[in-house]
Amino acid sequence: MTVLLFIGGVLFVAIGVALSIALHEVGHLLPAKLFNVRVTRYMIGFGPTVWSRKKGETEYGIKAIPAGGYVAMVGMYPPNPADGSVRPSSTGMFQTLATEARSAAHEEVGPDDANRVFYKLPVWKKIIIMLGGPTMNLLIGTVLMAVLLMGFGTPQATTTVSEVNACQVAYGAPAPKDLNNCTKTPAAAAGLQPGDTIKSFDGKAVPDWTTLTEWIRESAGKTVTLTYQRGANTVTTSITPVLTARPVVDANGNPKVDAAGTVLTSKVGFIGMGPTSAMTPSSPGAVLPAVGNNIVQIGGVVFQLPQKLVGVAQAAFSSAPRDPNGPISVVGVGRVAGEVASMEQVPLSSRVATLIGLLAGVNLALFVFNLIPLLPLDGGHVLGALYEGVRRFFAKVFKRKDPGPFDIAKMLPVTYVAATLLLVMGALLIYADIVKPVNIFG
């Protein structure tokens, strides 16, 4: 059963990623057709064609290697000044490098395509077409995040006690071996037990665990009344929080660290108990901030990608551990999905929520990654269109001859280098995800 669940999790993510890629290319296809650019092919995958069907002037199909996709548009490059031929290309990452596609697309430019070639479009239309793919991934990621937050919810601390610490222990120090011969925590001394629900603290009704924690931290050395529910009984007792060093936490409840990675602490009140958690649906207003936070985190990983890849290489070829917050390949995502799906001790709803969260993260990562202003990524084409607009603007201001469309084919050497680096990066991540997978479960 565990093996079947693992395979099911992998298939769930694999199909989800395939659909995300397909919709990414739809994001290019629709505005291209809207702006009357002739689209010759819409393909998912690369290599030999497995299946295709022509509808109208566009061939739709699936290729053998599921490593992306592309939309081939006529006349993406302006005419070659030498012979007047139209240089072909596509939105696909690797298709740009295929010389046979360039010659084939040149043959497809017919006499009726004079006003249907990509390079003649206004700059703003070019940008809309090239941003259509990443925007589609952003929309998919946002929708999945909304399903996750509003439908399944996120783990939130409740006012019900999950554990009571028996002994007072300094933060970071090991627990005593003899739990019967130690200084009891205030919670243990007050008789609190797992399952008790805190109702009031110092005469004030407790709305949530975060507020209760703040009150406890502010009440060091002060004896206060505490009321809790145990089964059908309501019990009131006295408790005195002790002053002790505890981690400084951020708005999300995560410990803050200094530049050296050391957890920051401060002296606050402490009673020694922890909360249970429950999946709590979020409001619609929480979706966009969550998406924004994810994009910022992904952007940070992309910004530090060279450094992160060095760490991945060191982990892959040594005994060093993988960074759980570092980049992973689609193989790594599939492995994580399989491990999540096969955790039978975890409720099914929590496993499904995690898988949806993985797909949301993949789409947001595709959104950010494709905006990198380097060919053959979409951001590189956007940069070329922006450069074209800027030089045409200044030519108009200074009353010079219109320089015409920017020949982005001049950037093909950069494309070759960037594509090679992307291939090496992908191979490294896949290898590392096989021999030294990321352990996200601690």
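Reader: Which hand has the crossing in which α1 passes α3?
Author: This is a predicted model, where local features need pLDDT of at least 70, side-chain atom pairs count only at pLDDT 80 or more, and totals for chains, interfaces and linings use all residues. Residues are numbered from 1 along each chain as its sequence is written, and side-chain values use heavy atoms, with hydrogens and water left out. A crossing is left-handed if the near helix is turned anticlockwise from the far one by less than a right angle, and right-handed if clockwise. The way α1 passes α3 is right-handed.

Reader: At what angle do α1 and α3 pack, and what class does that give?
Author: Their axes (lines fitted to C-alpha atoms, for helices over the stretch in contact) give angles from 0 to 180 degrees between N-to-C directions. Under 35 degrees counts as roughly parallel, over 145 as roughly antiparallel, 65 to 115 as roughly perpendicular, and the rest as oblique. α1 and α3 have axes 7 Å apart and an angle of about 140 degrees. That angle therefore makes α1 to α3 oblique.

Reader: How many charged residues are in the contact of α1 with α3?
Author: Contact means heavy atoms within 4.5 Å. Residues of α1 including His 24, His 28 and Pro 31 meet residues of α3, among them Ile 128, Gly 132 and Asn 137. Ala, Val, Leu, Ile, Met, Phe, Trp, Tyr, Cys and Pro count as nonpolar, Asp, Glu, Lys and Arg as charged, and the others, Gly among them, as polar. The contact of α1 with α3 has ten nonpolar and seven polar residues, and the number charged is none.

Reader: Is His 28 buried or exposed?
Author: His 28 is found in helix α1, residues 2-34. Across 103 residues of sequence, its C-alpha is 7.5 Å from that of Leu 131. Buried means under 20% relative accessible area, exposed over 50%, and partly exposed in between (1.4 Å probe, protein chains only). His 28 has a relative accessible area of 0%, so the residue is buried.

Reader: How far apart are the axes of α3 and α6?
Author: The crossing of α3 and α6 is right-handed. Leu 138, Met 145 and Leu 149 are among the α3 residues in contact, with Val 287, Val 291 and Ile 295 among those of α6. α3 (residues 123-152) and α6 (residues 287-303) pack at about 125 degrees, with an axis separation of 9 Å.

Reader: Which residue's side chain does Thr 154 join in a polar contact?
Author: Thr 154 lies in strand β4, residues 154-164. A polar contact is a pair of N or O atoms within 3.5 Å; within protein, one must be able to donate a hydrogen and the other to accept it, and residues adjacent in sequence count only if both atoms are side-chain atoms. At 2.8 Å, the side chain of Thr 154 joins that of Gln 156.

Terms used
Helix = DSSP H or I, 4+ residues; strand = E, 2+ residues; numbered from the N terminus.
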